[in-house]
Amino acid sequence: MKILVFTGGLGNQMFAYAFYLYLKRLFPQERFYGLYGKKLSEHYGLEIDKWFKVSLPRQPWWVLPVTGLFYLYKQCVPNSKWLDLNQEICKYPRAIVFFPFKFTKKYIPDDNIWLEWKVDESGLSEKNRLLLSEIRSSDCCFVHVRRGDYLSPTFKSLFEGCCTLSYYQRALKSMKEISPFVKFVCFSDDIQWVKQNLELGNRAVFVDWNSGTDSPLDMYLMSQCRYGIMANSTFSYWGARLGRKKKRIYYPQKWWNHGTGLPDIFPNTWVKI
């Protein structure tokens, strides 16, 4: 038996699902259960099954109290190997309770078949349909800027000085040299800052109409672009990794003010700048 405690927003849930598939390959005869608790409500709840064709482990009634007992045991026996709560790498694959969010590329399958979108393009809004058509027919590069919660007291010390204005300027300069007629498609929780600070040309599109529970449509649009300039966010990471095969993806030299500064999540073909 193995219990996986899902937490975080959509991007984190996708890392967690990749690890779940890894464990299933490692232990094909094992029984798996999921716990989808209150930590998910800090974002938009469990989203991965709404946007992707996935088969999640079920949650019987007893999973929550049993997991609680294991947490209590962990407090009494801190070095217990029955729980694997590390969020960077799996230390105890034979554990019973896991935080499946592992911030590493080690457990992600090499192909994109494992995670297929459930987006019904015929049901998209006119704005999304028109932009999607343009993205697929021209050289488009998505630009993702995340500010919002990263500027809050809770996260400021962790992310301040990482995904800087200088990073975006260098990436944009390089992108324009590669494709002089590139069209930038911009996604941000602070579109006004993007317009005021980044030189994107008069053909740029600023996507500000997918919000709330529809915000994963931004990720879908990113996934269809040929190029990408990502933020230090798992949201644009998956926008870069999934969907259309990308010609070039840029990522910042520093993801956060923690450890080495960069998690081991980037494919070798991506460009650190």
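Analyst: One definition before the surface: patches are made of residues with over 30% relative accessible area and no salt bridge, with nonpolar side chains joined within 5 Å. Keep in mind that this is a predicted model.

User: Which residues form a nonpolar patch on the surface?
Analyst: Tyr 73, Val 77 and Trp 82 do, and together they have about 280 Å² of accessible area.

User: Where is Val 77 found?
Analyst: Val 77 sits in the loop between α3 (63-76) and β3 (83-84).

User: Why does Val 77 count as partly exposed?
Analyst: Because its relative accessibility is 32%, and partly exposed lies between under 20% for buried and over 50% for exposed.

User: Going inside now. How many residues of α1 are buried?
Analyst: 12 of its 17, so α1 is mostly covered, with buried meaning under 20% relative accessible area. Among them are Leu 10, Met 14, Phe 15 and Leu 23.

User: What do the buried residues of α1 pack against?
Analyst: Their partners are β1 (2-6), β2 (32-36), α2 (48-51), β4 (97-98), α8 (216-223) and α9 (234-241).

User: And the largest nonpolar core, which residues touch the most other members?
Analyst: Phe 52, Val 143, Phe 184, Ile 229 and Met 230, out of 80 residues in that core. α1 gives the largest share of this core, 10 residues.

User: What is Phe 52 in contact with, leaving aside neighbours within four places in sequence?
Analyst: Its contacts include Leu 10, Met 14, Trp 117 and Leu 242. There is also a second, separate core of nine residues, including Tyr 33 and Val 97.

Methods
Residues are numbered from 1 along each chain as its sequence is written. This is a predicted model: local features need pLDDT of at least 70, side-chain atom pairs count only at pLDDT 80 or more; totals for chains, interfaces and linings use all residues. Side-chain values use heavy atoms; hydrogens and water are left out. Patches are made of residues with over 30% relative accessible area and no salt bridge: like charges are joined within 9 Å, nonpolar side chains (Val, Leu, Ile, Met, Phe, Trp, Tyr) within 5 Å. Accessible areas come from the Shrake-Rupley method with a 1.4 Å probe; for residues, only the protein chains shown count as cover. A salt bridge is a side-chain nitrogen of Lys or Arg within 4 Å of a carboxyl oxygen of Asp or Glu. Helices (H or I, at least four residues) and strands (E, at least two) are DSSP runs, numbered from the N terminus. Buried means under 20% relative accessible area, exposed over 50%, partly exposed in between (1.4 Å probe, protein chains only). Contact means heavy atoms within 4.5 Å. A nonpolar core is a set of buried Ala, Val, Leu, Ile, Met, Phe, Trp, Tyr and Cys residues joined through side-chain atoms within 4.5 Å.
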